[in-house]
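I opened my notebook to write down what I looked up in this model, one topic at a time. My entries follow the structure shown here.

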Amino acid sequence: MRGRNTTMRNKKIRLFFVDSAFLALTTLAVSAYAQLNLQSRTELTTPLDRLRPGVTAVQIFDELLAHNALRAVTLLNYSALRTYQVVDLKGKVHAEEVGRMEYLAPDQKKFVVTSEKGSPLVRRLALNALIASEIETAAGKQHHDSAISPANYSLDLLGEQQVGPYHCFVVQAVPKRRDKYLFEGKVWIDAEDYAVVRIEGHPAKKISFWIQRADFVRQYQKVGDFWLPQRDMTFVDVRLYGKKVLTIDHHDYSVNSPVATYRSGENTQSF
């Protein structure tokens, strides 16, 4: 009996730390809003070209902030189908949540779950926590200044590179403080629109003792006049649990619909 109790206690301890690690990781992914047409984890294969003359970090910051400000006033609403998954490096799905995220400017978001599978514990403590955190952030209930701005980052210009159909400036983003809501890594910025196309990096501050490493990539796509998330991948190495991957696929966008309403349906769970 004593051995059985010890085994059960160890299992509970392990689950606690695993779930806590995933919760911290997914909270970071939303709060950082690190701004992946990433089909795999491999690096980009196109060459890095020399930067054209006259481009400066100040210019890129100014154009990027101007683009973000314009997007804020012209993006009235959108709806997108999302698939959240936690998988291992062999591709086994441990948890999955599928649903539709709807945004209504300036600060309303709603997610309606249409299907789910895998571990209820991981869905509840990782995926559901991630979705809820994004909704709270949009509503202003969480205040974390994580924008790519001169207040948070300095930019080192690396060159230019093709990312799928987009020609981009490539910069190294260096955070100005050790903050788990900031990141350190590379940013690809469209050379025509000055919108973020891709980011890859890791948190500027270690998330927790239990997460040994966390690397993320986010890829954007252009939908009409707007740049919106396409795919997120976060690779995490958790003590006692191993390496796992959190992916979020964004597709089937509807942007600036004349009548934006929150959809609902039978057998769905709403956030």
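**Entry 1**

With 29% relative accessibility, Asn256 counts as partly exposed. I noted that the model I am reading is a predicted one.

I then wrote down a reminder for myself: most residues other than glycine have a negative phi, and most peptide bonds are trans.

Tyr194 also has a positive phi, of about 55°, without being a glycine, and I found Tyr194 in the loop between E6 and E7. Is Tyr194 buried or exposed? I looked up its relative accessibility, which is 9%, and because the limit for buried is under 20%, Tyr194 counts as buried.

For the peptide bonds, I recorded a cis bond that joins Ala105 and Pro106, with omega at about 5°. Pro106 sits in the loop between strand E2 (93–104) and strand E3 (108–118).

**Entry 2: the cores**

Which residues have the most contacts inside the largest nonpolar core? That core has 29 residues, and I listed Ile60, Ile148, Phe183 and Val187 as the ones with the most contacts. Helix H2 (57–74) supplies at least two residues of this core, and so does each of the strands E4 (153–163), E5 (166–175), E6 (183–190), E7 (196–203) and E8 (211–223). The largest share, six residues, comes from E5.

**Entry 3: salt bridges**

I noted a count of 11 salt bridges. One of them joins the side chains of Glu97 and Arg123, at 3.7 Å from N to O; Glu97 is in strand E2 and Arg123 in helix H3 (residues 120–138), 26 residues apart, so that the pair links distant parts of the chain. Both Glu97 and Arg123 are buried.

Arg100 forms a salt bridge with Asp252, and their closest N and O atoms are 2.6 Å apart. Arg100 lies in strand E2 and Asp252 in strand E10, so this pair ties together parts that are 152 residues apart in sequence. I found Arg100 buried, at 16% relative accessible area, whereas Asp252 is partly exposed, at 48%.

Note on methods
Residues numbered from 1 in each chain as written. Predicted model: local features only at pLDDT ≥ 70, side-chain atom pairs only at ≥ 80, totals over all residues. Heavy atoms only, no water. Core = buried A, V, L, I, M, F, W, Y, C linked by side-chain atoms within 4.5 Å. Buried < 20%, exposed > 50% of the residue type's maximum accessible area, 1.4 Å probe, protein only. Helix = DSSP H or I, 4+ residues; strand = E, 2+ residues; numbered from the N terminus. Salt bridge = Lys/Arg side-chain N within 4 Å of Asp/Glu carboxyl O.
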